[in-house]
Amino acid sequence: MTKFFKTDQSKKLFEAAQKHLVGGVNSPVRAFKGVGGTPIFFARGKGPYLIDVDGNRYLDLVGSWGPLILGHVDLSVLNFVRRVLRKGFTFGAPSALETELAILVKKAFPSIDKVRFVSSGTEAVLSALRLARAATKRKRIIKFDGCYHGHGDSLLVAAGSGAATLGLPDSPGVPEEFASLTLSLPYNDLQAVQAAFSKYNDIAAIIVEPVVGNMGLVPPKPGFLQGLRDLTSQNKALLIFDEVMTGFRVAFGGAQELYGVKPDLTTLGKIIGGGMPVGAYGGREDLMAQVAPEGPVYQAGTLSGNPVAMAAGIATLKQLSAPAFYKHLEDSAAFVEEGVRRAIRKAGVQAVFQRVGSMATLFFCGHPVENYTQAKDADRNKYASFFWAMAQRGVYIPPSQFEAWFFSAALTKEQLKRVVKAIGESLKESEKTAG
Ligand SMILES: *Cc1c(COP(=O)(O)O)cnc(C)c1O
């Protein structure tokens with residue numbers, strides 16, 4: 001298979017792109033710094049497949065970093081978006097679709113009384129934090145090392161994801177004064193949270209990825225999320241679940257359904273836009289009532305709630321509410337997990353496959369990864385050779401260890417078997433080349 005793998009066209013396009021786009025890309029992790037080599041340029045997607053400009057076909061385990069839970073160009077989403085597009089791209093005024101999507105979101109998230117749609121996850125998080133600070137009249141926020149909450153100034157402190165891939169712990173251009181209001185603590189460490197509350201009495205909120213996808217997949221330890229709920233309640237701070245990635249992914253009602261912990265505010269994105277740019281935040285009535293125009297906390301957007309994104313979201317969420325949708329996804333991902341565990345033992349490599357629902361990561365290390373320090377200690381050179389070995393076998397996984405794999409509902413059993421086979425072969429090959 002390897003000898004048919006060509007990258008000439010991608011190389012050409014990347015050279016051209018670098019002359020006109022910063023680093024040749026519009027989002028850093030796409031530049032493949034995490035795995036080396038030339039970024040693959042894609043021509044199209046179809047169901048479970050991505051097809052690149054050189055004609056290579058891959059089973060897609062990235063799904064545009066999460067949104068494409070139904071696979072590429074799902075027909076019912078396409079048809080609904082088409083119908084809506086013909087009537088107008090954007091009105092900058094209300095349309096019924098916004099209410100329709102809000103109802104679907106609320107059905108899945110009982111903690112949400114009111115929703116506000118925005119155009120990205122970054123925007124949703126910034127807005128939720130502004131609201132949390134306004135509602136508590138406090139300044140400081142707690143986040144966790146390796147959690148990524150978009151690229152807002154006060155959140156680019158020990159952020160995972162692209163920042164981790166590039167080895168940038170913090171970004172220049174974020175004034176110390178801003179950064180000093182963000183406490184970044186180790187994930188899964190309740191004692192550190194307790195200590196922070198003892199030391200500071202001006203903590204407005206804790207923001208957390210309830211299942212981390214942005215340092216690779218790291219699940220919360222039993223009791224961690226409930227502990228955050230208890231500590232925030234005791235200290236009159238707010239708990240914000242950033243479910244931009246986990247919402248409608250790990251369960252219909254996100255991580256809060258899966259773990260039974262109710263936050264004050266929730267941020268959403270990715271899946272709720274069905275592949276179009278979108279974000280949302282929502283929560284308790286008394287909190288959301290403080291957002292303009294009901295209240296004084298300002299937040300607005302030219303394209304917020306635009307009909308195309310709303311339509312893609314509605315058509316996507318409707319399919320997710322079908323009975324057994326998540327059971328099917330869980331079965332698919334569990335099948336791969338079993339195969340990977342066997343392959344790891346057989347190849348005798350030091351690796352762990354971590355998974356929650358249809359999100360997963362393969363870390364090259366000898367023990368479970370519970371926090372960012374451990375994620376950084378895993379062997380990323382091995383991940384890089386593993387990535388290319390997988391690509392050559394027609395499976396596209398994230399070009400960085402610090403990103404989660406996503407399984408889509410479009411993958412058939414036959415295709416999942418091919419994924420497992422590719423993983424087995426790639427484990428052996430990466431052991432040889434990187435060892
Ligand atoms: C992707 C992501 C964001 C940022 O969303 P964008 O739409 O890329 O701005 C925020 N939080 C989490 C948990 C994410 O996974």
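Visitor: Which residues does V336 touch, not counting residues up to four places away in sequence?
Guide: This is a predicted model. In it, V336 touches F353, F407, L416, V419, V420 and I423, with residues up to four places away in sequence left out.

Visitor: And which residues touch the most other members of the largest nonpolar core?
Guide: That core has 43 residues, and V336, L362, F386, I397, W405, I423 and L427 touch the most other members.

Visitor: Which elements give two or more residues to this core?
Guide: They are the strands β2 (49–52), β3 (57–60), β12 (359–363) and β13 (395–396), together with the helices α12 (325–347), α14 (380–392) and α15 (413–434). The most comes from α14, which gives seven residues.

Visitor: New topic, the ligand. Which residues are around the ligand?
Guide: The residues around it are S120, G121, T122, Y148, H149, G150, E209, N214, D242, V244, M245 and K270. By class, this shell has three nonpolar, six polar and three charged residues.

Visitor: What lies 2.6 Å from an oxygen atom of the ligand?
Guide: An N or O atom in the side chain of K270 does. A polar side-chain atom of N214 lies 3.1 Å from a ligand oxygen atom. For G121 the backbone is involved: one of its N or O atoms is 2.8 Å from an oxygen atom of the ligand.

Visitor: How much of the ligand does the protein bury?
Guide: The ligand taken alone exposes 380 Å², and the protein buries 83% of that.

Visitor: What does G152 touch?
Guide: G152 touches T122 and L126, not counting residues up to four places away in sequence. T122 is also one of the residues around the ligand. G152 itself lies in the loop between β5 (140–144) and α5 (161–165).

Visitor: Why does G152 count as buried?
Guide: Because its relative accessibility is 6%, and buried means under 20%.

Visitor: Then L181: buried, partly exposed or exposed?
Guide: L181 counts as partly exposed, because its relative accessibility is 23%. L181 is in the loop between α6 (176–179) and β6 (182–185). Leaving out residues up to four places away in sequence, L181 touches R133, K139, R140 and I141.

Visitor: How far apart are L181 and D202?
Guide: They are 21 residues apart in sequence and 9.6 Å apart in space, C-alpha to C-alpha.

Terms used
Residues numbered from 1 in each chain as written. Predicted model: local features only at pLDDT ≥ 70, side-chain atom pairs only at ≥ 80, totals over all residues. Heavy atoms only, no water. Near = heavy atom within 4 Å. Polar contact = N/O pair within 3.5 Å; in protein donor to acceptor, adjacent residues only side chain to side chain. Areas by Shrake-Rupley, 256 points an atom, 1.4 Å probe, with all protein chains shown as cover. Nonpolar A, V, L, I, M, F, W, Y, C, P; charged D, E, K, R; others polar. Core = buried A, V, L, I, M, F, W, Y, C linked by side-chain atoms within 4.5 Å. Buried < 20%, exposed > 50% of the residue type's maximum accessible area, 1.4 Å probe, protein only. Helix = DSSP H or I, 4+ residues; strand = E, 2+ residues; numbered from the N terminus. Contact = heavy atoms within 4.5 Å.
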